[in-house]
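Reader: Please take me through the sheets, the helix packing and the chain contact of the model shown here.

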Amino acid sequence: MLLVKGAKIYPVTGPAIESGMMLINDAGKIEAIGQNVDAPKGVEVLDLTGKVVLPGLVDAHSHVGIWGDGEGSPGYDGNERPNAVNGKVNALDATNPMQRSFGSAREGGITTIQIVPGSGNPISGLGFACKTAGTIVDDMVVKAPTGLKGAFGENPKRASGGKRAPSTRMGTAALVREYFQNAKAYGEKKAKAQADGKPFDIDLNLEPGLMVLNGEIPFRAHAHRHDDIVTVIRLCEEFSINFSIEHCTDGHLIADYLGKKQVVAHLGPGLSSRGKVETANYTDRNPAVLASHGVKVCLVTDHPFLDSRYFLAYGAVAHKHGLSQEETLKAMTINPAESMGVADRVGSLEAGKDADFIVLAGDPFSYKSVVLETYIEGKRVWERPSY
Amino acid sequence: MLAIINARIETVSNGTIDNGQLLVKNGKIAVIGTNVDIPEGCRIIDAKGRTVTPGVVEAHTHVGIGEQGVGWEGQDTNEATSPTTPWARARDGINMLDSAFDDFRRAGITTANVLPGSANIIGGTSVAVKCKGTMVDEAVIKDPSGMKAALGENPKSVYGGKGQSPSTRMGNAAVMREALLKAQQYMQKLDNAKSEQDKPKFDKQCDALLPVLKGEIPLLIHCHRADDIATAVRIVNEFGIKYTLEHVTDGHVVVDLLKSNNSLCAVGPTMHYGSKVENKDRDFRTPIVLAREGVPFCFTTDHPVVAGQYVILTAGLAVGWGMDWNVALRAITLSAAEHMGIADRVGSLEAGKDADLVIWSGDPLEFTTFADVTVIDGEIVFEREVQ
């Protein structure tokens, strides 16, 4: 058992507790949290007087572990390029827990991430949720899979190199539509075979599509430009599937529409330098504009495109441009946890949840409030070095 | 005429003036102090106690030649057709209407050094510009401000990939040394020529390198890895020429070398991701160690590698890592101007210098602070609408 005390605690799902207490059990779960909690005699105490405690940050769109980090091409496993439709690939099978990017995530205060394949293909593969400390990825998994990644706009049409479809936005939409049509027909055949007690050949490529159609996982659609975002919504409504918009860079241009559609937006990478035409309208105001229109806003690093170490700086910039402190904290914790389907375990500090938390030097979103320590399931996984 | 009153003036070169005034005449700072006579008819800005600093100076960017949100049509950073292109001039490729210049003004950046990229061993001349106007020729402060050069991965990957030299770090050094040696011999022949007929035939490569050999401009050498930094210092010392080191990712590893040579270092882009093996150890440790050891340094984003407006965020993060606040502010103003050799004009608030300044909504280095007013050469180039 470990008793955290003295710190100002932001549970995120409730009001901040000045000089709060949090009791953590040996299973790494929060036993109790509040102004005062009953702790057994002789419990180990972590006195954080004058410090601030936040839930471990949650990043709903990351390529930590699969993208290489200062490694060159040998560490690059983000896009399985040869095929445009890649339902059968799974980020879990390429994640390197010993890549230094996991250390960057811990340094940035990020304790849970959704690792998704890249955006080179219209159907890019499965993503999953894991903690950011460990050596065996299977031990780090919180939930797998958590979504089927897809991509629209510039990337899939460019990745094909003109040698195969898609070479246009029309082609990308057609391939995605065809994929879900095939998955639907496949699902019907599978259900009939099962009902008839007949043998049935599993199709690895279509299984994730069927999971999406059955509502087991959402479609995670990369879209920057406003019309790409609208295309995603059109397609998903055709098939009645749940989705999140990944990036959603132009969201502020069509915020009314996205609000009406109750869209979940994974906004990032923050602090963008507008490397592509489809990101030309990037603005630091996007999270505030979308949140004010009722969009469920999650901030994401898209690591490596924003280094995970600077996630809180991105939050600060979103806050600066109009997202309230409370909304910004939610956008980095509970909102992404809900979007990933792991809010029963992470995303806020509540009894029964995992004891994933970070210790800051002060209230969040100031350069003075650096991350001092990062804890996962009650264990310290990062401590600020002194240079 | 323009006067700023009721300001907390961070001069950078001469301490802080509380409740100060600053008078601008003909685009220059005329007087600065606490008891300045404000002439009649002068436009007065009441800073209402806000902080005023020199305009931010970015010593290593590709603004205007590596345009944002445009695609390949706006990419004019590397004349990657030959490993030595000293005759290329950044000035001839700058689009002053690149939207990044707007971002710079909004962020309080008033001066930028624009460098050719690092594909070539000798990439061409850089130019120092003010972030104003539509005509580059009206924005120039100093042209050329330096001669770009590069070691390490970039040139060897570009030319090695084409089956040309350089394809190794040995090749990088040999190509650089040979270009400098030829130019040196060319210069000696020109100096020794007693008549027009004696002069060597015009050689555009050697001719373009003469200002470097004569010590008129520095060689600005891209180097990340410790051994590339050492190679850079070795070669420039062979020729006794002026130089600066650009990026200097491993600078903390070879800090004694930098110290003994008093090397000017532009450190960054620290917030970038591990895109290459040679930048794998990018970290705030580098500027912290350089500052502690007294090595002259400034921060750079390498815009658009990291968007230039976040150079201020970089300074704030450095303070979070323990850098003195004044040193961090200097590293994005006067130290950057010294790096570029234009500290007689910009980088600090002193009588006689260009009236480039920023009024900030709070602590200039705080993540949530806005540049409220940006002034270049005495003209307001940006004024924030207060929402």
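**Sheets, helices and the chain contact**

Author: An open sheet of five strands in chain A has the order β2-β6-β15-β16-β17, with mixed pairing; strands here are DSSP runs (E, at least two residues), as helices are (H or I, at least four residues), numbered from the N terminus, and two strands pair if DSSP finds at least two bridges between them. This is a predicted model, in which local features need pLDDT of at least 70 and side-chain atom pairs count only at pLDDT 80 or more, while totals for chains, interfaces and linings use all residues. Residues are numbered from 1 along each chain as its sequence is written, and chains are lettered from A and ligands numbered from 1 in the order in which they are written.

Reader: In chain B, which residue in β3(B) stands opposite B:L23?

Author: Strand β1 (residues 2-10) of chain B pairs antiparallel with strand β2 (residues 16-25) of chain B over six bridges, and B:L23 in β2(B) is the bridge partner of B:A3. Five bridges join β2(B) to the antiparallel strand β3 (residues 28-33) of chain B. In β3(B), the residue opposite B:L23 is B:V31.

Reader: Why is α4(B) called roughly parallel to α6(B)?

Author: Helix α4 (residues 169-192) and helix α6 (residues 226-239) of chain B pack with their axes 11 Å apart, at an angle of about 15°; axes are lines fitted to C-alpha atoms, for helices over the stretch in contact, and angles run from 0 to 180 degrees between N-to-C directions. Angles under 35 degrees count as roughly parallel. α4(B) is therefore, relative to α6(B), roughly parallel.

Reader: How many residues does the contact take from chain A and from chain B?

Author: Two residues are in contact if their C-beta atoms, placed from the backbone, lie within 7 Å. By that criterion, the contact takes from chain A 27 residues and from chain B 31 residues.

Terms used. Angles under 35 degrees count as roughly parallel, over 145 as roughly antiparallel, 65 to 115 as roughly perpendicular and the rest as oblique.
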